[in-house]
Amino acid sequence: MCGIMGYIGDENAADIIISGLEELEYRGYDSAGLAVGNGTEVKTAKVVGSPSGLRKETEGISGHIGIGHTRWATHGAPTVTNAHPHISGSGLFTVVHNGIIENYAELKAELEEQGFEFKSDTDTEVIAQMLEHLYNGDLKGTVSAALSRFKGSYALGIMCRDYPDCIVCAKLSSPLFAGVSRGCVYLASDVSAIAGKGDRIFRVNDGEIGILKKDGLKIFDLDGCRIRKSEIKIKAFDRNSDKGGYKHYMLKEITEQPAAVRRTLSEFINESGRIKFKGLHLTKQEIQDLDQIIFVACGSAYHVGTVGAYACEKLCKKHARAVIASEFRYMHPYLDEKTLVVIISQSGETADTLAAMRIAEKKGAKIIGIVNVENSTIAQECKNVIMTRAGKEVAVATTKAYSAQLAVVYALAIRLAEISGTLSRRETAEYVAELKAVPDKIEILLSDIEKYKSFADIADSSGYICFIGRGFDYCAAMEASLKLKEISYIPCEAYAAGELKHGTISLIDRNSLTVALCCQEELKQKTESNVNEVRARNGKTITVSSSDGDIVIPKTLDIFTPSLEVIPLQLLAYYTALKRGCPIDKPRNLAKSVTVE
């Protein structure tokens with residue numbers, strides 16, 4: 001959610017840090033700040049809003065070492081005082097921090113008893129003050145001692161006045177990377193901020209402390225033992241952040257969905273049309289022995305999981321369900337070696353999803369991770385990983401990453417069914433052929449995107465919007481509702497169409513809009529009956545169908561309809577937000593990667 005950028009070298013640190021923070025804006029922010037050292041003193045600058053505002057604030061500030069931060073508020077309002085970096089009482093330590101220190105209140109009380117005074121409402125200031133409290137002249141040892149006091153998650157960039165030539169970093173359950181080039185070292189919470197800058201990129205792992213100096217990087221464990229690190233590789237398409245002539249990243253990324261799905265499918269569908277996952281190491285017997293399949297994720301990835309659960313129930317003939325990751329641990333789920341847990345996360349860093357994966361692993365379940373970032377925590381920790389190839393997604397509201405995830409869960413359901421013997425070779429080939437045709441059908445829907453603008457006029461004039469559908473249509477309805485509320489700020493919900501009469505219909509009037517997804521042929525008449533109930537109460541309606549709706553999608557097999565019907569509804573959300581003048585790529589209060597629980 002928050003962003004960290006650090007630099008030490010020969011160039012002006014402030015310029016490099018601000019540029020890096022601007023690269024991280026897509027992760028979400030409400031304030032920004034930096035600290036720059038020149039060998040004798042450390043100067044800070046902070047602003048509420050975009051990190052680009054730091055340029056004016058840092059005029060006259062120069063130095064060759066510094067740390068910066070974009071903040072997404074958790075403790076305390078978005079103010080200059082609460083913005084990072086935070087400084088200890090005497091100015092000895094300067095700290096930037098992603099994550100949450102869960103026991104900060106008790107540590108703060110302890111430090112206040114020792115005479116420390118706090119200026120901000122943040123948990124991060126506790127880190128700076130604790131470092132000063134424990135400091136004994138040994139920087140690395142002090143950091144290690146302080147880390148042992150913290151509960152929660154953190155990615156840290158630390159500067160110490162007594163060590164003006166280095167930055168210390170550390171992490172636990174929050175991403176952090178270092179980039180090394182000749183004569184300089186970079187630090188960032190997202191590899192995109194230093195891709196193309198560092199000649200060699202390294203991932204800092206949980207329980208490691210890094211020392212960044214102009215001449216290189218050294219990594220130690222918490223006991224002070226040196227760790228030899230292997231550099232990670234960054235794919236070229238992960239570095240592309242150009243809008244390509246589009247007004248917004250979101251619209252560009254909507255149009256990139258056919259390519260993202262094709263690229264993803266090419267990873268595991270070979271030339272003969274067989275599905276083979278390179279990162280899947282489950283045996284045939286382990287798959288055949290499975291009793292249940294659970295998809296665990298948050299937000300849009302959870303909606304992908306609901307599609308996966310429906311698909312596995314239909315094709316694999318096994319118990320399948322989707323669970324919101326933040327609720328997973330509180331359900332005390334029954335898991336054993338005959339349970340498959342499918343973890344879905346675009347960033348691979350989603351805190352609740354990561355916690356659920358670790359719970360499932362402890363209980364002995366088989367685990368498959370579906371992620372879009374190769375060097376993410378989930379990708380590193382999970383034994384069975386399937387990569388999506390959506391490329392870098394800048395807009396906060398996901399589109400192409402969602403579609404790439406759908407492609408994976410379809411293929412996974414087909415492959416599991418084939419191995420389980422619930423799909424014949426002929427049936428498997430039919431499903432694979434239709435799956436391979438999905439990108440072409442998405443292109444058909446994108447061939448004339450202007451025609452969806454008129455529907456945005458209807459949505460904009462509505463005080464309440466309801467998306468309904470049955471089966472796979474309901475899964476797509478949930479995603480469509482989320483997209484619209486995320487970027488247009490119009491209150492809207494998604495319901496299984498059969499639930500409309502059980503309370504929600506009381507909200508229907510001439511100021512409401514019901515968007516009905518009717519693409520499941522065997523369920524179409526039932527949903528159309530719900531549409532008639534809405535119209536009888538003067539509610540406005542938009543229908544999505546593969547035959548005679550207001551919005552018509554190409555025909556496909558039922559399980560693949562979410563991939564198609566979501567496209568015009570993404571555009572409905574986009575054009576509605578555009579009409580309302582909303583900040584489409586960076587909606588208020590939202591972050592691209594949710595790394596706190």
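Let's start where two helices touch: Val438, Lys441, Ile442, Leu445 and Leu446 in helix H14 meet Ser563, Leu564, Ile567, Pro568 and Leu571 in helix H18. Sorted by class, that contact between H14 and H18 has eight nonpolar residues, one polar and one charged. Before we go on, please keep in mind that this is a predicted model.

So how do we describe such a pair? Two packed helices are described by the angle between their axes and the distance between the axes. Here, H14 covers residues 425-446 and H18 covers residues 561-580, and they pack at an angle of about 30 degrees with their axes 9 Å apart. Angles under 35 degrees count as roughly parallel, which means H14 is roughly parallel to H18. Their crossing is right-handed.

Now let's look at another pair. Helix H4, residues 124-134, and helix H5, residues 139-147, have axes that come within 9 Å and cross at roughly 125 degrees. That angle makes H4 oblique to H5. H4 passes H5 in a right-handed crossing. On the H4 side, the contact is made by Met130, Leu131 and Leu134, and on the H5 side by Thr142, Val143, Ala145 and Ala146. By class, the contact of H4 with H5 has six nonpolar residues, one polar and no charged ones.

On to the strands. In what order do the strands of the open seven-stranded sheet run? Reading across, the order is E3-E2-E4-E1-E10-E9-E11, and the pairing is antiparallel. At the edges you find strand E3 (42-48) and strand E11 (200-203), each pairing on one side only. On average, neighbouring strands of this sheet are turned by 15 degrees against each other, direction ignored.

Let me zoom in on one pair in it. Strand E9, residues 177-181, runs antiparallel to strand E10, residues 184-188, and five bridges join them. If you want one to find on screen, Phe177 has Ala188 in E10 as its bridge partner.

Next, please find strand E22, residues 512-517. Is E22 mostly covered or mostly exposed? It is mostly covered, with six of its six residues buried. Ser512, Thr514 and Ala516 point one way, while Leu513, Val515 and Leu517 point the other way, and all of them are buried.

E22 also has partners. Strand E20, residues 464-469, pairs with E22 in the parallel sense over five bridges, and Ile465 stands opposite Leu513 in E22. Five bridges also join E22 to strand E23, residues 540-545, and these two run parallel. There, the bridge partner of Leu517 is Val544 in E23.

Last, some backbone details. A cis peptide bond joins His84 and Pro85, with omega about 5 degrees. Pro85 is in the loop between E4 and strand E5 (86-87).

Which loop holds Tyr489? Tyr489 is in the one between helix H16 (472-488) and strand E21 (492-496). Its phi is near 65 degrees, a positive value in a residue other than glycine. Tyr489 counts as partly exposed because its relative accessibility is 23%.

Asn538 also has a positive phi, of about 65 degrees, although it is not a glycine. You will find Asn538 in the loop between helix H17 (524-535) and E23. With 49% relative accessibility, Asn538 counts as partly exposed.

How values were computed:
Residues are numbered from 1 along each chain as its sequence is written. This is a predicted model: local features need pLDDT of at least 70, side-chain atom pairs count only at pLDDT 80 or more; totals for chains, interfaces and linings use all residues. Side-chain values use heavy atoms; hydrogens and water are left out. Axes are lines fitted to C-alpha atoms, for helices over the stretch in contact, and angles run from 0 to 180 degrees between N-to-C directions. Helices (H or I, at least four residues) and strands (E, at least two) are DSSP runs, numbered from the N terminus. Angles under 35 degrees count as roughly parallel, over 145 as roughly antiparallel, 65 to 115 as roughly perpendicular and the rest as oblique. A crossing is left-handed if the near helix is turned anticlockwise from the far one by less than a right angle, and right-handed if clockwise. Contact means heavy atoms within 4.5 Å. Ala, Val, Leu, Ile, Met, Phe, Trp, Tyr, Cys and Pro count as nonpolar, Asp, Glu, Lys and Arg as charged, and the others, Gly among them, as polar. Two strands pair if DSSP finds at least two bridges between them. Buried means under 20% relative accessible area, exposed over 50%, partly exposed in between (1.4 Å probe, protein chains only).
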